[in-house]
Amino acid sequence: KMYKDNSPHDEHDCGPEGLLHLNGSFHIFRKLVLFNCRKVVADGAEVKLEQTLQFESDVEIEGRLSILGTEGVMCFRVLGHLRVSGSMSFRNCHGPRQKVASYFSGGAIHSRNITISNAGSLRIQNCSSENGGAFLLSACSYMVLQTFWTAAPATMGAGSASMCSRSSQNPV
């Protein structure tokens, strides 16, 4: 069941296969929490967010997925590891402007860590937040980056990104 009227957010369980197929356009008005979604296969999907899209576990993104955010909304929160093997783009994702717990920080993405495969790409445009304008990573691993982003400076972090450490082989 996707919608719960008495809940502050909507929920969706991707089931035992852990697969979510997306194509077409979506407009999400309430926070959407996705359970057991280990792989998202997007066929040129476009998602407009009025609230955060949250994954409760590790997730891999395949195909083409475009995310359009709004003021005051951190767009994409992954409680585990985000792997991008397709093409992801984020535009106009603006997290909190005031100091808040890092749990709510990051403009486009807040994740434990991100891996972008050699075939994958991540594009972040016009995103901002108090902590981590483009993204905030709470734990880091080796990252292969083929990225492009333009993000407003953040008070804390590296301007467009706030990370725990950087790989000396692939500086951000």
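This is a predicted model: local features need pLDDT of at least 70, side-chain atom pairs count only at pLDDT 80 or more; totals for chains, interfaces and linings use all residues.
Colleague: Which loop holds Asn36?
Modeller: Residues are numbered from 1 along each chain as its sequence is written, and side-chain values use heavy atoms, with hydrogens and water left out. Strands are DSSP runs of E with at least two residues, helices are runs of H or I with at least four, and both are numbered from the N terminus. Asn36 is in the loop between β3 (31–35) and β4.

Colleague: What is the phi of Asn36?
Modeller: Asn36 is partly exposed, because its relative accessibility is 36%; buried means under 20% relative accessible area, exposed over 50%, and partly exposed in between (1.4 Å probe, protein chains only). Its phi is positive, in a residue other than glycine, and the value is near 55°.

Colleague: What is the phi of Asn92?
Modeller: Asn92 sits in the loop between β8 and β9 (109–116). Asn92 counts as partly exposed because its relative accessibility is 24%. Although Asn92 is not a glycine, its phi is positive, at about 60°.

Colleague: Which side chains of β8 are buried?
Modeller: The side chains alternate along β8.

Colleague: In β10, which residue is the bridge partner of Arg91?
Modeller: Two strands pair if DSSP finds at least two bridges between them. Strand β6 (residues 59–68) pairs with β8 in the parallel sense over five bridges, and Ser66 stands opposite Ser89 in β8. Strands β8 and β10 also run parallel, joined by five bridges. The partner of Arg91 in β10 is Gln125.

Colleague: Why is the pair of Phe55 and Phe76 called tilted?
Modeller: The structure has two aromatic pairs; rings of Phe, Tyr and Trp (its six-membered ring) pair if their centres lie within 6.5 Å, and planes under 30 degrees apart count as stacked, over 60 as edge-to-face and the rest as tilted. The ring centres of Phe55 and Phe76 are 5.2 Å apart, and the pair is tilted because the planes stand at 50°.

Colleague: How many residues apart in the chain are Phe55 and Phe76?
Modeller: Phe55 is in strand β5 (residues 53–55) and Phe76 in strand β7 (residues 76–84). Both Phe55 and Phe76 are buried. The pair links distant parts of the chain, and the separation is 21 residues.

Colleague: What is the angle between the planes of Phe76 and Phe90?
Modeller: Phe76 and Phe90 form an edge-to-face pair, 5.5 Å centre to centre, with the planes at 75°.
Phe76 is in strand β7 and Phe90 in strand β8 (residues 87–91), so the pair ties together parts 14 residues apart in sequence. Phe55, Phe76 and Phe90 form one aromatic cluster. The angle asked for is 75°.

Colleague: How far apart are the C-alpha atoms of Ala45 and Phe26?
Modeller: Ala45 is in strand β4 and counts as buried because its relative accessibility is 0%. Leaving out residues up to four places away in sequence, Ala45 touches Phe26, Leu22 and Leu65, among others; contact means heavy atoms within 4.5 Å. Ala45 and Phe26 are 19 residues apart along the chain, and their C-alpha atoms are separated by 7.9 Å.

Colleague: Which side chain does that of Ser128 join in a polar contact of 2.7 Å?
Modeller: Ser128 is in the loop between β10 (121–127) and β11 (135–137) and counts as buried because its relative accessibility is 2%. A polar contact is a pair of N or O atoms within 3.5 Å; within protein, one must be able to donate a hydrogen and the other to accept it, and residues adjacent in sequence count only if both atoms are side-chain atoms. At 2.7 Å, the side chain joined to that of Ser128 is His94.

Colleague: What is the average pLDDT of the protein chain?
Modeller: Over residues 140–160 the pLDDT stays under 50, and over residues 163–172 it is below 50. In the protein chain, 66% of the residues score at least 70, and the average is 76.

Technical notes
pLDDT is the predictor's confidence in each residue, from 0 to 100.
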